[in-house]
Amino acid sequence: MSSPARGVGLKVGIVCPYSFDVPGGVQSHVMDLARALRALGHSVNVLAPAELPRDESGPAGLPDFVTPAGRAVGVPYNGSVARLTFGPMAYARVRRWLAEHEFDVLHLHEPIAPSLSMIALAVADGPIVATFHTANPRSRALTTFQGVLRPMLEKITARIAVSPLARRVQVEHLGGDAVEIPNGVDLARFAEARPLPGYPLPGVRTVGFLGRFDEPRKGMDVLLDALCALPGERDDTRLLVVGRGDEAALRRRAGSGLADRMDVLTSADDRTKAAALRSMDVYCAPNTGGESFGMVVTEAMAAGAPVLASDLDAFRRVLDDGRAGVLVPTGDPVALATALGELLDDDRRRAELSAAGLARAARWDWPVVAESVLRVYQAAIAADPRRPSAARSRESAWRRFGISSGRVGESVRQPGPRSAESTAPVGDRPAAG
């Protein structure tokens, strides 16, 4: 598929509300999207919370297309603890960033989170695209700020939701609609990764878990109970855990027998994560809720790991109703133990699931997803709210770029006649007075 923006060289500004100092799904999404857009020939700059560098050489670990917006603080948000940046200093940095760049389109992630994206939405003008990741209808932020947020959200030119659940929350709580574009996965990074040093272990089956293991909704307690309930002698089974949390508390919870057969990586970059997934004979996702898309399941499939997951709506969609992985009742350690034991004993079944997962994950390869995002950018630029015109309806701007207006609903504001080549850049709103 050819991109409608290929060759134009769009200038894209992307804002992430969550700190790059700690890993997370939205952070990975933003970085991978930026890389995919750059690979397609577009200019991208990302603004995100991150610690400022100690010297002038630039912040360690951040590529040159990322602008750090300073220190973040941890606050409870969406059933987790999010590291956000807000206040006068953040406001000034957002305004300076917008003034220093002349973006054709501004892409805000989670604009309802009290951080940089919300600030950018307040001060920026022009074509604005927003991506909604949250799938928690009981979000305190939504409940508390719903009335305040709706008028500000009217500035958004086009809306994206990463899953049907995220779209539903956005529609029901914030008004309007959104086109569904799922998270992407770097297929080559995971498929071509080498296993961790020493893996595969001779005569050992490795069960894997990836995520914040001390966060209840990630389901680590369910997995530990399932491993302890595995039928027969399972001294040949080992647990590989990749994620943040209190390792000592985890080992105490597991008990001495299982703790002795457990490897824990509490600090893992993208390369290590891919290597860990390639080291697993079965990847377990025992999550109990709060999942919008199931990105970690997609990454496991891309790495060729057979997937065993809770029967959450998000996981069911990613696993094609169980055709690309095994689904078990959510929060049921006995059912998880039964299914896990069967998979560990069936080499052929694991190979079938590995092949099915790889084929399924290909549809979310980042070059494919980035093309869909570019079509939304082009539709938003064509519908630039600063260039009102009665000559073209809102829906025609979306049809022009192959996006179903029935799926978009109120996600586009008043269209304008200008194309991406001639539209004015996104900029800071003029001061009042």
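Student: Leaving out residues up to four places away in sequence, which residues does N45 touch?

Tutor: N45 touches V12, G13, I14, F65, T67, W97, H101 and F103, where a contact means heavy atoms within 4.5 Å. This is a predicted model, so local features need pLDDT of at least 70 and side-chain atom pairs count only at pLDDT 80 or more, whereas totals for chains, interfaces and linings use all residues. Residues are numbered from 1 along each chain as its sequence is written, and side-chain values use heavy atoms, with hydrogens and water left out.

Student: Where does N45 lie, and is N45 buried or exposed?

Tutor: N45 lies in strand 2, residues 43–48; helices (H or I, at least four residues) and strands (E, at least two) are DSSP runs, numbered from the N terminus. N45 counts as buried because its relative accessibility is 11%, the scale being buried under 20% relative accessible area, exposed over 50% and partly exposed in between, with a 1.4 Å probe and protein chains only.

Student: And how many residues apart in sequence are N45 and T67?

Tutor: They are 22 residues apart in sequence, and their C-alpha atoms are 7.1 Å apart in space.

Student: What about A99, buried or exposed?

Tutor: A99, in helix 2 (residues 88–100), is exposed, since its relative accessible area is 57%. Its C-alpha atom is separated by 9.7 Å from that of A124, 25 residues away along the chain.

Student: Zooming out, how many helices and strands are in the protein chain?

Tutor: There are 17 helices and 17 strands, and of the chain's 433 residues 54% count as buried. Among contacts between residues at least 6 apart in sequence, 71% join residues at least 24 apart.

Student: Which residues touch the most other members in the largest nonpolar core?

Tutor: They are L277, Y283, V297, M301, V307, F315 and L319, in a core of 41 residues. At least two core residues come from each of helix 5 (164–174), helix 6 (187–191), strand 12 (237–242), helix 10 (270–278), strand 14 (282–285), helix 11 (295–302), strand 15 (307–310) and helix 12 (313–318), and helix 11 gives the largest share, six residues. Such a core is a set of buried Ala, Val, Leu, Ile, Met, Phe, Trp, Tyr and Cys residues joined through side-chain atoms within 4.5 Å. In soluble globular proteins, nonpolar side chains tend to be buried together.

Student: What is L319 in contact with, leaving aside neighbours within four places in sequence?

Tutor: L319 is in contact with V297, M301, V307, A309, A324, G325 and L327. Apart from this core lies another, of 38 residues, including Y18, L40, A370 and L374.

Student: On to packing: at what angle do helix 7 and helix 13 pack?

Tutor: Helix 7 (residues 220–228) and helix 13 (residues 333–344) pack at about 55 degrees, with their axes 8 Å apart. Axes are lines fitted to C-alpha atoms, for helices over the stretch in contact, and angles run from 0 to 180 degrees between N-to-C directions.

Student: Why is helix 7 oblique to helix 13?

Tutor: Helix 7 is oblique to helix 13 because of that angle of about 55 degrees: under 35 degrees counts as roughly parallel, over 145 as roughly antiparallel, 65 to 115 as roughly perpendicular and the rest as oblique.

Student: Which residues meet there?

Tutor: From helix 7, V222, L223, D225, A226 and L227 meet P333, L336, A337 and L340 of helix 13. The residues of this contact divide into eight nonpolar, no polar and one charged, where Ala, Val, Leu, Ile, Met, Phe, Trp, Tyr, Cys and Pro count as nonpolar, Asp, Glu, Lys and Arg as charged, and the others, Gly among them, as polar.

Student: And at what angle do helix 11 and helix 14 pack?

Tutor: Helix 11 and helix 14 (residues 347–361) pack at about 115 degrees, with axes 7 Å apart. T298, M301 and A302 in helix 11 meet G357, L358, R360 and A361 in helix 14, and the residues of that contact divide into four nonpolar, two polar and one charged.

Student: Backbone now: where is the peptide bond that is cis, with omega near -5 degrees?

Tutor: That bond runs from Y199 to P200, and P200 sits in the loop between helix 6 and strand 11 (205–210).

Student: What is phi of E110, and what is phi of D320?

Tutor: E110 has phi near 50 degrees, a positive value in a residue other than glycine, and D320 has phi near 55 degrees, also positive in a residue other than glycine. E110 lies in the loop between strand 6 (105–109) and helix 3 (116–123) and counts as buried at 2% relative accessibility. D320 is in the loop between helix 12 and strand 16 (326–328) and is partly exposed, with a relative accessible area of 25%.
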